[in-house]
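Have a look at the model below, and keep it open while you read. The notes go from the overall fold down to single residues.

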Amino acid sequence: MAQAESEMKMRILFAAKKLFARQGFDGTSVRQICEEAGANVALISYYFGGKEKVYRALFECFFPGQRMSQYEDLLKSPVEGLKLLISEIISFSMNDKELSSIIQQEMVMVSPRTELIVSFTGPVWKKARELLEQGREQSLFHFDSLDQALMMVVGVTLAHKKQNCYSGLLTDGPPKREETVESAVRFVLLALGADTAGTAPS
């Protein structure tokens, strides 16, 4: 029984993620989510307590930033830690395009759900900021403005999400994860004046 409930909850979450990415939060109804999941319409209230809590559950279930504690040792090193974050952020946004699209939509709109999203994504970028600051203190990174350096890292790390906007200028075809990660890491470390030997993420 417990396994059947768990499976149904996951079906609802996958359905909600698909529809929120395609139609937005406001454009998606509870009934549509349940139809997509093959679930009774009462189950969203029963399992989650409403559409808003389904939305939160998506991040609790699928957003990988909550697992940073697993990489505690790597995140002590400014260079290795930054390489790891860039790799994980790119991998997440390319592997889970639905949740990544949901994040992008809400952040652009500055919607009522932006604060929730920032509560999940914020710690990841805060760690990137800390690594940049530590790297400068240890003379591993060289830059003037910490704010500007962070925004440049954000821009490079998420640049692949803009490729459709510039498809007429690009000739390499759809981006591959490994090449995108390697290029982003090398570009960021070069910009920071870091030692670029062995820049590919471990």
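What follows is a short tour of the fold, its helix packing, its core and a few individual residues.

## Ground rules

This is a predicted model, so local features need pLDDT of at least 70 and side-chain atom pairs count only at pLDDT 80 or more, while totals for chains, interfaces and linings use all residues. Residues are numbered from 1 along each chain as its sequence is written, and side-chain values use heavy atoms, with hydrogens and water left out.

## The overall fold

We have nine helices and zero strands here, and the pattern along the sequence reads α-α-α-α-α-α-α-α-α. Helices (H or I, at least four residues) and strands (E, at least two) are DSSP runs, numbered from the N terminus. Taken along the principal axes, the C-alpha atoms fill a box of roughly 60 × 40 × 30 Å.

Of the 202 residues, 42% are buried; buried means under 20% relative accessible area, exposed over 50%, and partly exposed in between, with a 1.4 Å probe and protein chains only. Contacts are heavy atoms within 4.5 Å. Among those between residues at least 6 apart in sequence, 67% join residues at least 24 apart.

## Helix 5 and its two partners

Two packed helices are described by the angle between their axes and the distance between the axes. The axes are lines fitted to C-alpha atoms, for helices over the stretch in contact, and angles run from 0 to 180 degrees between N-to-C directions. Helix 5 and helix 7 pack at about 155°, with their axes 9 Å apart. That makes helix 5 roughly antiparallel to helix 7 (under 35 degrees counts as roughly parallel, over 145 as roughly antiparallel, 65 to 115 as roughly perpendicular and the rest as oblique). Their crossing is left-handed; that label applies if the near helix is turned anticlockwise from the far one by less than a right angle, and right-handed applies if clockwise. On the helix 5 side, Pro 78, Gly 81, Leu 82, Leu 85 and Ile 89 make the contact, and the helix 7 side includes Val 124, Trp 125, Leu 131 and Leu 132. By class, that contact divides into nine nonpolar, three polar and one charged residue, where Ala, Val, Leu, Ile, Met, Phe, Trp, Tyr, Cys and Pro count as nonpolar, Asp, Glu, Lys and Arg as charged, and the others, Gly among them, as polar.

Helix 5 also packs on helix 9 (residues 177–191), where the axes come within 9 Å and cross at roughly 145°. This crossing is right-handed. Among the residues that meet are Leu 82, Ile 86 and Ile 90 in helix 5 and Val 181, Val 185 and Leu 189 in helix 9. The contact has ten nonpolar, three polar and two charged residues.

## Helix 7 against helix 8

Helix 7 (residues 114–137) and helix 8 (residues 146–157) pack at about 125°, with their axes 10 Å apart. That makes helix 7 oblique to helix 8, and the crossing is right-handed. Helix 7 brings residues including Trp 125, Arg 129 and Leu 132, and helix 8 brings residues including Leu 146, Leu 150 and Val 153. Here the tally is eight nonpolar, one polar and four charged residues.

## The core

In soluble globular proteins, nonpolar side chains tend to be buried together. A nonpolar core is a set of buried Ala, Val, Leu, Ile, Met, Phe, Trp, Tyr and Cys residues joined through side-chain atoms within 4.5 Å. The largest one here has 59 residues, and those with the most contacts inside it are Ile 12, Phe 20, Phe 59, Leu 82, Leu 132 and Phe 141. Helix 5 (residues 78–95) gives the most, with nine residues.

Which residues does Phe 59 touch, not counting those up to four places away in sequence? They are Gln 66, Leu 99, Ile 102, Ile 103, Ile 117 and Phe 120.

## Residues worth a click

Lys 17 sits in helix 1 (residues 2–23) and counts as buried because its relative accessibility is 5%. Leaving aside neighbours within four places in sequence, its contacts include Asp 96, Glu 98 and Leu 99. Ala 37, in helix 2 (residues 30–37), is buried too, at 7%. Ala 37 and Arg 11 are 26 residues apart in sequence and 5.3 Å apart in space, C-alpha to C-alpha.

Two non-glycine residues have positive phi: Val 110 at about 50° and Ser 139 at about 60°. Val 110 is in the loop between helix 6 (97–109) and helix 7, and Ser 139 is in the loop between helix 7 and helix 8. Val 110 counts as exposed at 61% relative accessibility, and Ser 139 counts as exposed at 52%.
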